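Please look at the sequence and the structure first.

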Amino acid sequence: MRHGMMWLLNSNQDGASAPSVEEALHLLGIHRRKFADSQLPFTFSDSTAGSESELQAAVSGRAEDVDLPLQIRHSGFFANVIRHAQNDETSRRPVTAIERYLDSRDEAVWENSWARVPLRSLNKFARSVLTEDLRARKSDPSSGPRADMQRFLVRHASGREFVRVPISYLMKLCLAQFLGAQERTPTVIYHTAHRLMGHFINDNCSPETLSFNVVSLHERNGAGRALAREKAKRYLLTQLLLMYANESLDLQSEGQRAVLQSAL
């Protein structure tokens, strides 16, 4: 394979004739009839491969308990729509449509909603991870909080404090909660769990995960099967973390239940 690649590269030099398709496939060790099964651009001589997966996130619950409808109801946009309608500057139809969306659901699934985690539910280690991530410069322990920190902290009418986070970050926070809840964690498990926190990509919408480890490609099993096996383990752990978050972070007791399903 290596010699074949070198020959192909050299053949592209000035004055050299380009190989035919038949010659190129022969040098790459691929039979023309098996071209579709060759797994190009990956080949069996490659050492490793990884993947990235996107997940569809949602939170189920009543409108008065879930972050998305609460954010809509108390948003400046909704207040302006109401004000314009009251002043007869616009039709009341947009207000009615939004109110119907918010009020007609006793128990609903709110796609792409964030989760509201009671601050009192976070153990010491999870709280330290959250504090670090809310710093303006995470690499600087003396750095102050980020300018938009109040966007992530909310206070209930009862006085209870919550941190609102996207489901992608909830996975990292849940791993920290798990580690902080253990009296004695074997070193290998501790370092592995700590490392995996960085594989849950934090964004404001659909969570993404990166391969927990790159997999070796073998001719017997193929690249696709090896990648699928790693992805299946990653998806299983993600679902277990979500179940743990719903209970250990008191989401269910607050009327919320975070859910994930595979999108890509």
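**Salt bridges, burial and cores**

A search of the whole structure finds 13 salt bridges. The model is predicted, so local features need pLDDT of at least 70 and side-chain atom pairs count only at pLDDT 80 or more, while totals for chains, interfaces and linings use all residues. Residues are numbered from 1 along each chain as its sequence is written, and side-chain values use heavy atoms, with hydrogens and water left out.

Q: Why does Asp65 count as buried?
A: Buried means under 20% relative accessible area, exposed means over 50%, and partly exposed lies in between (1.4 Å probe, protein chains only). Asp65 has 18% relative accessibility and therefore counts as buried.

Q: What makes Arg120 and Asp250 a salt bridge?
A: Their closest N and O atoms are 3.5 Å apart, so the distance falls within the cut-off. Arg120 lies in the loop between strand 4 (115–118) and helix 6 (124–133), and Asp250 in the loop between helix 9 (222–248) and strand 10 (257–262), so the pair ties together parts that are 130 residues apart in sequence. Helices (H or I, at least four residues) and strands (E, at least two) are DSSP runs, numbered from the N terminus.

Q: Why is Arg120 called exposed?
A: Arg120 has a relative accessible area of 55% and is therefore exposed. Asp250, at 21% relative accessibility, counts as partly exposed.

Q: Which parts of the chain does the pair Asp133 and Lys172 tie together?
A: The side chains of Asp133 and Lys172 meet in a salt bridge of 3.1 Å, N to O. Asp133 lies in helix 6 and Lys172 in helix 7, so the pair links parts that are 39 residues apart in sequence. Both Asp133 and Lys172 are buried.

Q: What makes Arg120, Arg160, Asp250 and Glu254 one network?
A: These residues are joined by salt bridges that share partners.

Q: How do you know that the buried residues of helix 5 are on the same side?
A: The buried residues of helix 5 (residues 93–103) are Val95, Ile98 and Leu102. They cover an arc of only 70° around the axis, which puts them on the same side of helix 5. The arc is that of the directions from the helix axis to the C-beta atoms. As a general rule, an α-helix has 3.6 residues a turn, so residues three or four places apart point the same way.

Q: What lies on the other side of helix 5, and what covers its buried residues?
A: On the other side, Arg93 and Arg100 are exposed. The cover of the buried residues includes helix 3 (67–73) and helix 4 (76–86). Helix 4 also holds Ile82, which counts as partly exposed at 24% relative accessibility.

Q: Which residues touch the most other members of the largest nonpolar core?
A: A nonpolar core is a set of buried Ala, Val, Leu, Ile, Met, Phe, Trp, Tyr and Cys residues joined through side-chain atoms within 4.5 Å. The largest has 41 residues, of which Val117, Leu122, Leu130, Val163, Ile167, Leu170 and Met171 touch the most other members. Helix 7 gives the most to this core, with nine residues. Apart from it lies another core of six residues, among them Phe78, Val81, Ala85 and Leu102.

Q: Why is Phe178 called partly exposed?
A: Phe178 has 31% relative accessibility, and therefore counts as partly exposed. Phe178 lies in helix 7 (residues 167–181).

Q: How many of the residues in the chain are buried?
A: Buried residues make up 37% of the 264 residues in the chain. The chain has nine helices and 10 strands.

Notes
Contact = heavy atoms within 4.5 Å. Salt bridge = Lys/Arg side-chain N within 4 Å of Asp/Glu carboxyl O.
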